[in-house]
Amino acid sequence: MPGKAWLRQVIVFVGLGLRGEGGVRRCRRILELRWFTLLRPRRDVIMSPPGEPSTRRNFERLCLITLRNGVSMPRRPDPLTPTQSPWHLLGAAIRHWRGDRTQRELGDAVHVDNSVISEYERGTVHPSADTVRLIDEVTGAGGHLIALHAFAVEFDVLRAGIRRGRPPHTEDDEMERRATVRLLAALSAGAALPLDSLELLRSGLNRALGQADDLDELEAAAYELAYAIRVLPPREFIAKAAPRLADVQYVARHRRDLEQAGLQRVTGQMSALLAIALHELGDPSAARRWWRTARKAADASGDLGLRVWVRGRHAFTESCALRPVDAASLIAEAEALAAGKMSAGLMEARIARSMVEIGSGDAGHDPDLLAKFDEDASRLPDAVAGERAAIWGWSQERHVWERAATCVLIGDPEVYDELTHQARRETNPRAQGILQMRKSMCLVRMGEVEQAVEETARVYGGLPAQHRTTAVRLWADRIVSALPQQAEGLPAVRELRALVAS
């Protein structure tokens, strides 16, 4: 039977004989494989003697052996579920660090079968410590896989102890805390893992809410973080905050004798700070999930000031986002809760409303906008106006910062000198960059387009990568959007667009 006809007959014959119509489809897929891959495992059985052409019988034997041995066709990798357990998280990390290597290449390097690598990644088989150490070395994970493996092992030991009915507050408690800190060190170190792995911790906090420590140390830690969020790059802040969140999670699970409302207040504060950092890092979806946790904890705490601040600050963050979501509803919630009582949270909501109005083009026609802003600030309690370190205060410095931004956006050129004065006093590189780009926006308004573009490119390009946050990119985008149409052909404008896009 010449040509392809006999091949089709073999496919139908073997497929129907072994697997029915599904076998026909599977045999047809066999032809799509490379011959070398199929023949290599059974070369002595399938191949014809040297010098002799392949025969129909050899091909039939090839199909039979392939089907009987269950040779599978290439397919997409199974989806991973890193939040299912610590072992699944380790598997997701192995796949992340494997990079462009195939499972076979990694298996050869660490002396295990590629199918075992697949099981490691799916969390169905638990690798030994020696194997994880080899994988860590081969992939260049820098000890992160080793830390995750240690966490998974200690978690299993802890769980086994709980199942045997050990009483709480034994050595297992400290083991759990150490294991959690190891996990967080692996999650927060550089780009070791995708940031959404923090979802594992967020879920644990949500489950733990409702249990309750002497809160002095945790409240002090929250205050320290409320200062750090203003000065540290977002990724560095997350690394600093993660162990503190582990402490809160541990306390929520094991210290039921302590004040529940205070614990939920600290949880709300820390969750909001982490949401701010994630937003600045360019992950708005993860940030919004942490904002939801912050709102839940703040509401449970009964702290009205915190409830207003979480909503107001979230609204402000959304109003300054590249793609804002629900800022108006958050503003309304904050104002309704505040009921006219001035607080830092209500100021956040008011400035967010101004940003929304400016974005829609309505604020430029309100000559009293700045006067209202100043009046609101004058009514703040002394404790709020005097808070200069923590982000949940509204000091005179913060007021001047936000007022100047509003002046820039409504097109007031007189603010240029004030911005120059602020930039001289500022030491944080990210804040300096924002101030310089605000000055560039003023130059655009004054018609000095080429100078504005050159200054923006110089400032943005000179910032360290860790300080090119969402807020910095937002100001660069605002400048590009404000350029007149006739400036589009300038080489400096094209260069700036390419720099911001990169």
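Start by selecting Arg 230, Arg 398, Trp 401, Glu 402 and Ala 431: of the 46 residues that line the largest pocket, these lie nearest its centre. A pocket here is an open set of points on a 1 Å grid over the protein atoms alone, where a 1.4 Å probe fits, with protein on both sides within 12 Å along at least five of seven lines; lining residues have an atom within 4 Å of a point.

Before you go on, note that this is a predicted model, in which local features need pLDDT of at least 70 and side-chain atom pairs count only at pLDDT 80 or more, while totals for chains, interfaces and linings use all residues. Residues are numbered from 1 along each chain as its sequence is written, and side-chain values use heavy atoms, with hydrogens and water left out.

**Around the pocket**

The space in the largest pocket comes to about 1400 Å³, counted as what is filled by probe spheres set on the grid points, which are joined across faces, edges and corners. Colour helix 21 (396-410) next; with eight residues, helix 21 gives the most to the lining. Other elements that give two or more residues include helix 12 (216-231), helix 14 and helix 16 (304-319). Helices are DSSP runs of H or I, at least four residues long, numbered from the N terminus.

**Into the core**

Now show Phe 237, Leu 273 and Trp 309, the residues with the most contacts inside the largest nonpolar core, which has 97 residues. The largest share of this core, 10 residues, comes from helix 14 (residues 260-280). A nonpolar core is a set of buried Ala, Val, Leu, Ile, Met, Phe, Trp, Tyr and Cys residues joined through side-chain atoms within 4.5 Å. Buried means under 20% relative accessible area, exposed over 50%, and partly exposed in between (1.4 Å probe, protein chains only).

Centre on Phe 237: leaving aside neighbours within four places in sequence, its contacts (heavy atoms within 4.5 Å) are Leu 225, Ala 228, Ile 229, Leu 232, Leu 273, Leu 274 and Ala 277. Apart from this core lies another, of 16 residues, among them Trp 87, Val 110, Tyr 120 and Ala 141.

Select helix 6 (residues 103-110), whose buried residues are Gln 103, Leu 106, Gly 107 and Val 110. Look down the axis of helix 6: these buried residues fall within an arc of 100°, so they line one face of the helix. The arc is that of the directions from the helix axis to the C-beta atoms. Helix 5 (86-98), helix 7 and helix 8 (129-139) are included in what covers them.

Step on to His 111, in the loop between helix 6 and helix 7. His 111 is not a glycine, yet it has a positive phi of about 70°; at 68% relative accessibility, it counts as exposed.

In helix 7 (residues 114-122), pick Glu 121, which counts as buried at 1% relative accessibility. The side chain of Glu 121 makes a polar contact with the side chain of Arg 98 at 2.5 Å. (A polar contact is a pair of N or O atoms within 3.5 Å; within protein, one must be able to donate a hydrogen and the other to accept it, and residues adjacent in sequence count only if both atoms are side-chain atoms.)

**Last stops**

Ala 339 sits in the loop between helix 17 (327-338) and helix 18 (344-360). Its phi is positive too, about 55°, and at 65% relative accessibility Ala 339 counts as exposed.

Finish at Leu 474 in helix 25, buried at 9% relative accessibility.
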